[in-house]
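Subject: Structure for you to look at

Hello,

I am passing on a structure for your files.

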Amino acid sequence: MKKQHNGNIPLQLGNDSPVTASFYKMKIKVGFSYDVHQLAPGREFWLGGIKIDHDKGPVANSDGDVLIHALCDAILGAANMRDIGYHFPETSAEFKGIDSKIMLQRTVDMVRKQKRFQISNIDTTVCLEKPKIKDYIPKMQAVLSEVMQIDLEDISIKATTTEKLGFVGEEKGLAVYATVLLIRE
C-alpha cells in the first residue's frame with residue numbers, strides 16, 4: 001500500500017480503483033443505556049412518545065416514558081454529557097409530569113449545538129410482558145423521527161418478554177435497552 005501524506009488511507013473497491021477514506025476523519029461515538037420503571041395500576045402508559053391503553057403505567061416524576069428516557073441517556077452518554085438525571089433532575093418542579101418528548105428534543109438540541117453531533121441511528125429493545133407493542137412500533141418510530149429529526153429507517157424498536165421471569169415477567173415493571181450512534185463529520 002502506498003503511503004499518503006495527508007493522513008488518509010487508500011481503499012480498494014470492487015473495480016480495483018483506489019478511493020480515499022474520507023470517513024477516516026469522521027468522529028463517531030456510541031452510547032448505550034438501560035432504564036427501568038416500576039408499573040402501577042391506574043397510571044397512564046406512555047412509551048416511545050405515544051399513549052398506549054393499559055391498566056398499568058410507569059411510576060415516574062415525568063410521564064414515565066422509559067423508552068425515551070433510555071434514548072436520552074444513550075445520546076447524552078455518547079456525547080459525554082452526563083445523564084438524564086443531571087439535565088432533568090426529578091427534584092426540580094420544572095420537570096414534574098413533563099412530556100418526555102420535550103426532554104428528548106432538548107437532549108438532541110444540546111448534543112447538536114454543544115458537541116456538533118448528529119444522530120446516525122438508534123437501536124432499542126423494550127422488555128415487557130404486557131401490553132404487546134408490535135402494532136404500536138410504527139407510530140412510535142414516526143413520533144421519534146419527528147422529535148429527533150432523523151429518518152424512520154434509522155430508528156429500530158424491538159420488543160421482547162422475559163418469559164415470565166423477574167420483575168418484568170411478573171409485570172411489576174418494564175425495562176429498555178438503547179444504543180445510539182452519533183457522528184460528526
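This is a predicted model: local features need pLDDT of at least 70, side-chain atom pairs count only at pLDDT 80 or more; totals for chains, interfaces and linings use all residues.

The largest pocket holds about 230 Å³ of space. Its lining consists of D35, H37, A60, N61, S62, H69, I84, G85, F88, E90, F95 and M103. Two elements, β3 (27-41) and α2 (84-87), each give two or more residues to that lining. Sorted by class, the lining residues are five nonpolar, five polar and two charged.

Helix α3

One of the lining residues, M103, is also among the buried residues of α3. This helix covers residues 100-115, 16 residues in total, and runs 22 Å from its first C-alpha to its last, close to the 22 Å expected at 1.5 Å a residue. K101 itself is buried, as are S100, M103, L104, T107, V108, M110, V111 and R112. The packing partners of the buried α3 residues are β4 (45-47), α1 (66-78), α2, β7 (118-127), α4 (137-148) and β9 (173-184). Just past the helix, R116 has a positive phi of about 60°.

Helix α4

Buried positions in α4 are I137, M140, Q141, V143, L144, S145, V147 and M148. These buried residues pack against α3, and also against β4, β5 (50-52), α1, β7 and β8 (155-160). Just after α4 comes Q149, with a positive phi of about 60°.

V180

Strand β9, which the buried residues of α3 pack against, contains V180. Is V180 buried or exposed? V180 counts as buried because its relative accessibility is 1%, and the cut-off for buried is under 20%. Apart from neighbours within four places in sequence, V180 is in contact with K29, V30, G31, A74, I75, A78, I119, N121 and I122. The C-alpha atoms of V180 and S33 are 8.9 Å apart, although 147 residues separate the two along the chain.

Regards

Technical notes
Residues are numbered from 1 along each chain as its sequence is written. Side-chain values use heavy atoms; hydrogens and water are left out. On a 1 Å grid over the protein atoms alone, a cavity is a set of points where a 1.4 Å probe fits but cannot get out, and a pocket is an open set with protein on both sides within 12 Å along at least five of seven lines; lining residues have an atom within 4 Å of a point. Grid points are joined across faces, edges and corners, and a volume is the space filled by probe spheres set on the points. Helices (H or I, at least four residues) and strands (E, at least two) are DSSP runs, numbered from the N terminus. Ala, Val, Leu, Ile, Met, Phe, Trp, Tyr, Cys and Pro count as nonpolar, Asp, Glu, Lys and Arg as charged, and the others, Gly among them, as polar. The expected span of a helix is 1.5 Å times one less than its number of residues. Buried means under 20% relative accessible area, exposed over 50%, partly exposed in between (1.4 Å probe, protein chains only). Contact means heavy atoms within 4.5 Å.
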